[in-house]
Amino acid sequence: MSLLEELQDRSDNQCELCTSKDNLSIYEVKPMAIGGVDGSLLACDTCVEQIEDVEKTEANHWRCLNDSMWSEFRAVKVIAWRMLSRLRKEGWPQDLLDMLYLEDDDLRYAKESGDHLDESEKIIHRDANGVILQAGDSVVLIKDLKVKGSSMVAKQGTAVRRISLDHENANYIEGKVGPTQIVIITDYVKKMAEKE
C-alpha cells in the first residue's frame, strides 16, 4: 500500500484538518525527519497554502481544529498545535491550545516551526546570500570546513539535507555530513533550490 493510499484509508479520503474532500494531497510535516505515515497527513490545497504562507492564514478557516486537534495521529496534532499557536491572539485558538495535550516529543516537534513565538522572539537564520533558512531545508557548503573534535573536513559543495535550526543562535544550524551530525555556521552555506 502506497503512502497516499494509507493516508486516504486513515482519513476516509478527506482533509485530516478541515474534512474537505477536494484537491487532496500528501503534506509532509516539516522538518521531515520522520516522514512516512507518522510524519505526513492528507490535506486540501486551502489548508496547505495557509500552513505554508502566514500572510494567507484565515482564522475562521481554522475553526475546524476544534475537531481535528483530537486526532490520534501525530502529524495532525502537530499541525493543529502550530496553527492554533499562530492564531492564538484571536482568542478562541488559545482556549483550544489550553485543552490540547501533546507528549514531550510531539511538543518539541511542533515547536520546530517557531509558530508559537511572537515575531519579536523569532530568531531568523539566513544563508550566506541572506536567504531565510527553515528547519528541513537543504543547504550546500560554500567553503571547506574543518569539523571540531575530529580530523574530518566537510568539503565545499557538500549537500546537507534536512537541517535543523539552533533556536538560541541565528548563526548556527545542524545537519549530517555523511554519518556525522555537525553544527554549521550559516555564513558558510547556501540554501539549495527545492529540485536540486
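This is a conversation about how to read a few features of one predicted model.

Biologist: What should I know before I start?

Modeller: The model is predicted, so local features need pLDDT of at least 70 and side-chain atom pairs count only at pLDDT 80 or more, while totals for chains, interfaces and linings use all residues. Residues are numbered from 1 along each chain as its sequence is written, and side-chain values use heavy atoms, with hydrogens and water left out.

Biologist: Let's take strands. How many residues of strand β2 are buried?

Modeller: Here is the general idea: in a regular strand the side chains alternate between the two faces of the sheet. Helices (H or I, at least four residues) and strands (E, at least two) are DSSP runs, numbered from the N terminus. Buried means under 20% relative accessible area, exposed means over 50%, and partly exposed lies in between (1.4 Å probe, protein chains only). In β2 (residues 40–44), 5 of its 5 residues are buried. Ser-40, Leu-42 and Cys-44 are on one side, with Leu-41 and Ala-43 on the other.

Biologist: Which strand pairs with β2?

Modeller: Two strands pair if DSSP finds at least two bridges between them. Strand β1 (residues 24–28) runs antiparallel to β2, with 5 bridges. Within this pairing, Tyr-27 stands opposite Leu-41.

Biologist: And what does Ala-43 touch?

Modeller: Contact means heavy atoms within 4.5 Å. Leaving aside residues up to four places away in sequence, Ala-43 touches Cys-15, Asn-23, Leu-24, Ser-25, Tyr-27 and Val-48. Ala-43 counts as buried because its relative accessibility is 0%.

Biologist: Now salt bridges. How many are there by the rule?

Modeller: Side chains of opposite charge can pair when their charged atoms come close. The rule asks for a side-chain nitrogen of Lys or Arg within 4 Å of a carboxyl oxygen of Asp or Glu, and the count comes to 6 salt bridges. One of them joins Arg-10 and Glu-16, with the closest N and O atoms 2.8 Å apart. Glu-16 is buried, at 11% relative accessibility. Glu-16 is also touched by Ser-11, as is Leu-42. Ser-11 sits in helix α1 (residues 3–11) and is buried at 7%.

Biologist: Where do Asp-106 and Arg-74 lie?

Modeller: Their side chains meet in a salt bridge of 2.5 Å, N to O. Asp-106 is in helix α6 (residues 104–111) and Arg-74 in helix α4 (residues 74–86), so this pair ties together parts 32 residues apart in sequence. Asp-106 is buried at 10%, whereas Arg-74 is partly exposed at 25%.

Another salt bridge brings Asp-137 and Lys-191 together at 3.4 Å, N to O. Asp-137 is in the loop between β4 (132–133) and β5 (139–141), and Lys-191 is in strand β12 (residues 189–191), 54 residues away. Asp-137 is buried at 11%, and Lys-191 is partly exposed at 25%.

Biologist: Last one: which element gives the most to the lining of the second largest pocket?

Modeller: Rolling a probe the size of a water molecule over the atoms shows where empty space is left. On a 1 Å grid over the protein atoms alone, a pocket is an open set of points where a 1.4 Å probe fits, with protein on both sides within 12 Å along at least five of seven lines; lining residues have an atom within 4 Å of a point. The second largest pocket has 13 lining residues, with Lys-146, Lys-148, Val-183, Ile-184 and Ile-185 nearest its centre. Strand β11 gives the most to this lining, with 5 residues.
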